[in-house]
Amino acid sequence: MRNSFSLDGKVALITGGNGGIGRAIALGYKEMGATVIASGRNSQKNATMAQELGDGHAVISLDVRDEEAVNQAVTAIVEKYGSLDILVNNAGIARRINILDMDTDDWHAVIDTHLNGSFYCAKAAAKAMVNAGKGGKIINIGSMYSLLGPPNVVNYAAAKTGLLGLTRGLAVELAVHNIQVNALLPGWHKTDLNRALLDGPLGEEIRHKTPARRLGTTDDLAGAAIFLASAAADFVTGSSVVVDGGYSIMDRRWED
Ligand code: NDP
């Protein structure tokens with residue numbers, strides 16, 4: 001029987017795939033048989049990830065805010081590997097500042113990376129997928145902050161909420177090409193993005209407020225990312241999968 005979760009023969013680009021959540025997804029895809037192209041900006045992290053992925057896979061230097069570079073990277077992937085079947089828009093940053101002190105630059109940096117970068121990558125990937133005529137999968141990494149109203153990150157919440165609109169719009173437009181577009185919404189998973197926060201008292205508080213009573217690991221996200229990239233999700237599109245140990249659905253009234 002065919003394993004509908006297999007990614008054999010698929011070519012996957014994971015932006016921000018040189019560390020954190022992107023690394024876990026990249027390694028999960030590799031395990032399921034995909035050819036993985038991870039991307040990032042930091043050359044040292046890229047080199048370490050290239051070693052970890054090994055032969056037959058690649059790590060490329062790519063800033064997702066640069067539309068021309070994104071287009072060139074997708075063209076190069078299709079030339080070298082024959083197609084691009086799976087895109088994971090994962091690259092991300094955070095700038096935590098109250099709105100009263102937030103500079104315009106803090107707003108643009110976060111919107112440019114998450115929202116504009118995902119648009120550039122999705123557009124280039126969708127064109128490549130449509131040209132190849134084999135369908136495809138686009139997975140946008142949102143956040144539980146796509147759903148909640150968090151303090152001190154209006155830039156991030158706006159970008160992550162915008163990604164849900166991007167997901168739904170792309171899902172509708174691309175369905176006719178057999179391209180499924182979904183969002184994966186992580187909760188609290190300790191990475192470079194939030195290590196300083198979670199290593200402090202907030203980490204313990206969040207653990208306590210999570211019904212699962214633990215923080216997420218990056219590996220917790222790999223299974224859902226594999227599902228959304230696989231044939232098992234061929235009729236799933238425009239959806240959001242929340243992976244947060246129940247943090248975002250907890251009724252705070254019952255907290256002890
Ligand atoms: P990390 O900081 O560990 O990883 C972020 C990745 O994005 C790195 O690989 C980084 O590579 C890359 N990146 C940042 N800016 C750019 C850019 N302009 N162009 C290309 N790559 C870029 O954080 P996480 O793994 O935690 O974050 C991954 C995604 O998950 C993000 O979208 C984040 O918002 C989301 N998320 C994370 C949560 C968590 O709890 N950790 C919760 C909810 C969502 P480099 O440094 O080389 O540029």
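Student: At roughly what angle do the axes of helix H1 and helix H2 cross?

Tutor: Good place to start! Keep in mind that this is a predicted model. To read a helix pair, look at how far apart the axes come and at the angle between them. Here, helix H1 (residues 20–31) and helix H2 (residues 43–53) have axes that come within 11 Å and cross at roughly 20°. That makes H1 roughly parallel to H2, because angles under 35 degrees count as roughly parallel.

Student: Is the crossing of H1 and H2 left-handed or right-handed?

Tutor: H1 and H2 make a right-handed crossing.

Student: Which residues of H1 and H2 meet?

Tutor: From H1 come Arg23, Ala26, Leu27 and Lys30, and from H2 come Met49, Glu52 and Leu53. In the contact of H1 with H2, four are nonpolar, three are charged and none is polar.

Student: Let me try another pair. Within what distance do the axes of H4 and H5 come?

Tutor: The axes of helix H4 (residues 104–132) and helix H5 (residues 154–174) come within 8 Å, crossing at roughly 15°. H4 and H5 are therefore roughly parallel to each other. The crossing of H4 past H5 is right-handed.

Student: How do the residues of the contact of H4 with H5 divide?

Tutor: Let's name some first. In H4, the residues that meet H5 include Trp107, Val110, Ile111 and Phe119; in H5, the partners include Tyr156, Lys160, Leu163 and Leu166. The contact of H4 with H5 divides into 15 nonpolar, four polar and two charged residues.

Student: Now the ligand. How many residues surround the ligand, and which are the closest?

Tutor: For a ligand, begin with its neighbours, then look for polar atoms that face each other. The ligand is surrounded by 31 residues, the closest being Asn18, Arg41, Asn42, Tyr156 and Thr191. Tyr156 is also among the H5 residues that meet H4.

Student: Which polar atoms lie by an oxygen atom of the ligand?

Tutor: Thr191 places a polar side-chain atom 2.6 Å from a ligand oxygen. His189 uses a polar backbone atom, at 2.8 Å from an oxygen of the ligand. In Lys160, an N or O atom of the side chain is 2.9 Å from a ligand oxygen.

Student: Last one: where is Ser6?

Tutor: Ser6 sits in the segment before strand S1 (11–14). Its side chain reaches the backbone nitrogen of Asp8 at 3.1 Å. Sequence distance and spatial distance are separate things to check: Ser6 and Leu228 are 222 residues apart in sequence, and their C-alpha atoms are 11 Å apart in space.

Definitions and conventions
Residues numbered from 1 in each chain as written. Predicted model: local features only at pLDDT ≥ 70, side-chain atom pairs only at ≥ 80, totals over all residues. Heavy atoms only, no water. Axes fitted to C-alpha atoms, helices over the stretch in contact; angles between N-to-C directions. Helix = DSSP H or I, 4+ residues; strand = E, 2+ residues; numbered from the N terminus. Parallel < 35°, antiparallel > 145°, perpendicular 65-115°, else oblique. Left-handed = near helix turned anticlockwise from the far one by under 90°. Contact = heavy atoms within 4.5 Å. Nonpolar A, V, L, I, M, F, W, Y, C, P; charged D, E, K, R; others polar. Near = heavy atom within 4 Å. Polar contact = N/O pair within 3.5 Å; in protein donor to acceptor, adjacent residues only side chain to side chain.
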